[in-house]
Amino acid sequence: KVFLTAVGETLQHWMRVTLEHCGARRADVRVEGSEFLNLILRLTWEAYGSFFRIRLPLLAVQIEVMERIVAMSATKYIIEQRRLGLDPVIMSNESAEATL
C-alpha cells in the first residue's frame, strides 16, 4: 500500500519498466521482473482485495511494451543475419513474435 501511494502518478511508468523486464532475453532479468510484478500484484490484492489500483496502468502499457519487444527482436534478428553474412529477410510482426 505504501509503494502504490509513493509512486502515485508514476505507476504507469513502473508497470512499463516491469513489463519490459519481464520480456527481457536474459533469464535473470526476466525472473527479477516477473517476481517484482508478482509482488506488486500480490500486495495490491492483500491491501485492497482487488486489482483496481493497478489494472488500468498495467493494461495501458501492455500493448506498447509488447510491440517494443517484438520490434527489438526483429531488429536484433536482422543485425544477427548481417553479422553472419546472410541476406537478412525482413520479418513480419508474426514472425518476430514467433522468434521470442
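This is a predicted model: local features need pLDDT of at least 70, side-chain atom pairs count only at pLDDT 80 or more; totals for chains, interfaces and linings use all residues.
A residue is called buried under 20% relative accessible area, exposed over 50%, and partly exposed in between. Phe36 has 28% relative accessibility, so Phe36 counts as partly exposed.

The fold is helical. Five helices and zero strands make up the secondary structure of the chain. Read along the sequence, the pattern is α-α-α-α-α. The radius of gyration is 17 Å, well over the 13 Å that the globule rule gives for 100 residues, so the chain is more spread out than a compact globule. The C-alpha trace spans about 55 × 25 × 20 Å along its principal axes.

Of the 100 residues, 26% are buried. The accessible surface comes to about 7100 Å². Carbon and sulfur atoms account for 58% of that surface. Contacts were also sorted by sequence separation. Among those between residues at least 6 apart in sequence, 51% join residues at least 24 apart. Charge is evenly counted: there are 12 positive and 12 negative side chains. The centres of the two sets lie 4 Å apart.

Aromatic pairs were considered next. A pair of aromatic rings is described by the distance of the centres and the angle of the planes. The search of the whole structure finds three aromatic pairs. One of them joins Trp14 and Phe36. Their ring centres are 6.0 Å apart and their planes meet at 40 degrees, so this pair is tilted. The angle falls between the cut-offs of 30 degrees for stacked and 60 degrees for edge-to-face. The pair links distant parts of the chain. Trp14 sits in helix 2 (residues 11-22), whereas Phe36 sits in helix 3 (residues 27-48). The two residues are 22 residues apart. Trp14 has 34% relative accessibility and therefore counts as partly exposed. Phe36, at 28%, is likewise partly exposed.

Tyr48 and Phe52 also pair. Here the ring centres lie 5.5 Å apart, with the planes at 75 degrees, so the arrangement is edge-to-face. Phe52 shows 46% relative accessibility.

Glu46 lies in helix 3. With a relative accessible area of 58%, Glu46 is exposed. Glu46 and Lys1 are 45 residues apart along the chain. Their C-alpha atoms are separated by 9.0 Å.

Glu64 is placed in helix 4 (residues 52-83). Its relative accessible area is 30%, so Glu64 is partly exposed. Glu64 and Glu20 are 44 residues apart in sequence. In space, the C-alpha to C-alpha distance of Glu64 and Glu20 is 9.8 Å.

Gln81 also belongs to helix 4. In contrast to Glu64, which is partly exposed, Gln81 is buried, at 13% relative accessibility. Leaving aside residues up to four places away in sequence, Gln81 touches Leu86 and Pro88.

How values were computed: Residues are numbered from 1 along each chain as its sequence is written. Side-chain values use heavy atoms; hydrogens and water are left out. Helices (H or I, at least four residues) and strands (E, at least two) are DSSP runs, numbered from the N terminus. The radius of gyration is taken over C-alpha atoms; the globule rule is 2.2 Å times the number of residues to the power 0.38. Buried means under 20% relative accessible area, exposed over 50%, partly exposed in between (1.4 Å probe, protein chains only). Contact means heavy atoms within 4.5 Å. Accessible areas come from the Shrake-Rupley method with a 1.4 Å probe; for residues, only the protein chains shown count as cover. Lys and Arg count as positive and Asp and Glu as negative; His and the chain ends are not counted. The place of a charge is taken as NZ of Lys, CZ of Arg, CG of Asp or CD of Glu. Rings of Phe, Tyr and Trp (its six-membered ring) pair if their centres lie within 6.5 Å; planes under 30 degrees apart count as stacked, over 60 as edge-to-face and the rest as tilted.
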